[in-house]
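Okay, everyone, thanks for coming. Let me put the structure up, and then I'll talk you through some of the packing inside.

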Amino acid sequence: MPPRRPPTDLDLISVFKMLTPNEQLVASKMSPRCAILVRAANRRVKTLVITALNNDESHHLKDSIDSFSLASKPIMQQLKAIPGETFPDYPMTTHLSEWNILRLDQLRLIDTATIEQIVTIFSAVTDLKFITIGSRHIDALVSLLQHPNWQCQLTNLMVEGTFRMDSQLAGELIPAINGLTALQLLVLDWDDYSEVPDLPILAQLKTVVFSSNHLSTFLRSLERNAADNAHLEVHLLSDDTETLLTLSQPLRSRVVRYGWAPLYYTADQVPLLISQFRSLTSLEIHGFESTHVGPLFTDLSQLPQLIHLKFGIDFSEVKEDELPLPARPLVQLNSVRALELRLRINSHSQVEWLNLSQTMPNLKTIYIDYFRCVSCKVELGVCRRESSLLSSPPALGCFRSFLFNLHPGVRLKRFILSSNYEFKSAEELLLQSR
Ligand SMILES: [Zn+2]
């Protein structure tokens with residue numbers, strides 16, 4: 001038997017690469033040699049997720065990690081998968097695995113030495129996602145952002161889960177963010193109840209995603225700092241439409257995405273929003289009556305760059321044997337390529353009225369968030385065993401007709417359905433229900 005040779009540096013590096021970030025922290029404390037080799041094992045690691053959530057809370061991780069990113073939506077993934085289809089570069093998405101999550105709750109101590117160790121080991125990180133709950137470990141995030149190595153290196157930062165943020169901590173976090181000299185993308189999920197301190201960093205960013213149901217202080221910060229930043233793209237996830245409408249020109253033209261939280265159709269706000277924010281590429285509007293569809297399409301036709309649209313229609317006020325015929329045909333929306341729909345219909349034939357193959361001739365993918373056909377008793381998009389719902393021939397018939405009527409030009413595999421919080425193509429679901 002040949003004598004066992006001691007592990008070489010390369011052997012150890014490949015071992016360290018197979019450890020989780022938390023294990024790597026432990027390993028790097030074993031000896032100075034291990035510290036160097038753990039660092040070498042991470043020299044190509046660009047993305048790190050740091051979470052303050054504990055084990056019980058961490059099932060939320062999967063939901064929150066990309067919730068701000070349009071690119072991570074199943075419908076946009078489908079669109080991207082079609083050869084030749086592109087859409088503007090939306091915020092980063094992360095493939096979440098135990099190899100890129102550092103769990104703060106598993107560290108015995110988070111002191112200056114630990115912060116130094118994290119920054120030293122993950123010396124190449126440019127994308128940082130920090131997921132917290134409330135204000136937990138915001139102090140650690142502040143120290144990480146203030147570390148000279150990361151301060152001039154981070155290009156993308158996401159902070160998610162702040163809730164009832166302590167104002168003193170907010171007063172430390174925002175200046176730390178403002179000090180990031182290389183930052184280009186900032187995703188900030190901000191507590192609805194506290195004001196966001198001033199963000200001079202907006203002057204240098206390429207993209208900012210801001211999520212909060214109080215937009216007032218953020219928009220004033222935008223006015224103060226971003227007036228000369230012509231390249232900035234603003235994504236707003238909020239239901240504070242009233243405040244959004246107070247944003248001055250030319251900053252309105254920087255807003256490319258608005259949605260997420262419900263914007264209910266009101267006769268005055270939606271037309272006003274659309275007429276003032278002509279650069280929108282993505283817009284989400286939630287449930288309204290079928291009689292609003294005609295005016296809505298006319299309004300939407302003023303958005304030449306609109307790629308992604310989400311809306312919901314309730315046909316329940318229309319009798320089953322009637323169609324809500326518009327006075328004029330619906331206006332064509334040529335730019336829309338990805339459509340998300342919530343639909344409540346009395347009969348599956350009612351969707352024919354939308355005539356999507358004519359009104360949205362360039363549509364490539366459709367995502368059905370919720371679908372209910374009252375007369376056929378078919379309901380999709382609620383947490384149930386939906387495949388069994390589709391197993392009866394009448395339900396299957398309704399569902400098939402509904403899909404074909406909705407847009408004959410979009411193939412069944414590009415109809416994505418939300419089913420038990422999983423995403424399936426209509427093709428898969430129909431095959432499964434046989
Ligand atoms: Zn039906």
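So, aromatic pairs: there are three of them here. By a pair I mean rings of Phe, Tyr or Trp (its six-membered ring) with centres within 6.5 Å; planes under 30 degrees apart are stacked, over 60 edge-to-face, the rest tilted. Take Phe 297 and Phe 311: their ring centres sit 6.0 Å apart with the planes at 80 degrees, so that's edge-to-face. Phe 297 is in helix α13 and Phe 311 in strand β11 (residues 308-314), so this pair ties together parts 14 residues apart in sequence. Helices (H or I, at least four residues) and strands (E, at least two) are DSSP runs, numbered from the N terminus. Both Phe 297 and Phe 311 are buried, meaning under 20% relative accessible area, with exposed over 50% and partly exposed in between (1.4 Å probe, protein chains only).

Then there's Phe 371 with Phe 402, a stacked pair at 3.8 Å centre to centre and 20 degrees between planes. Phe 371 belongs to strand β13 (residues 365-373) and Phe 402 to helix α16 (residues 393-406), 31 residues apart. These two, Phe 371 and Phe 402, are buried as well.

What about cysteines? Cys 373 is buried at 0% relative accessibility, and Cys 398 is buried at 1%. The disulfide count, taking sulfur pairs within 2.5 Å, is zero.

Before you ask: this is a predicted model, where local features need pLDDT of at least 70, side-chain atom pairs count only at pLDDT 80 or more, and totals for chains, interfaces and linings use all residues. Residues are numbered from 1 along each chain as its sequence is written, and side-chain values use heavy atoms, leaving out hydrogens and water.
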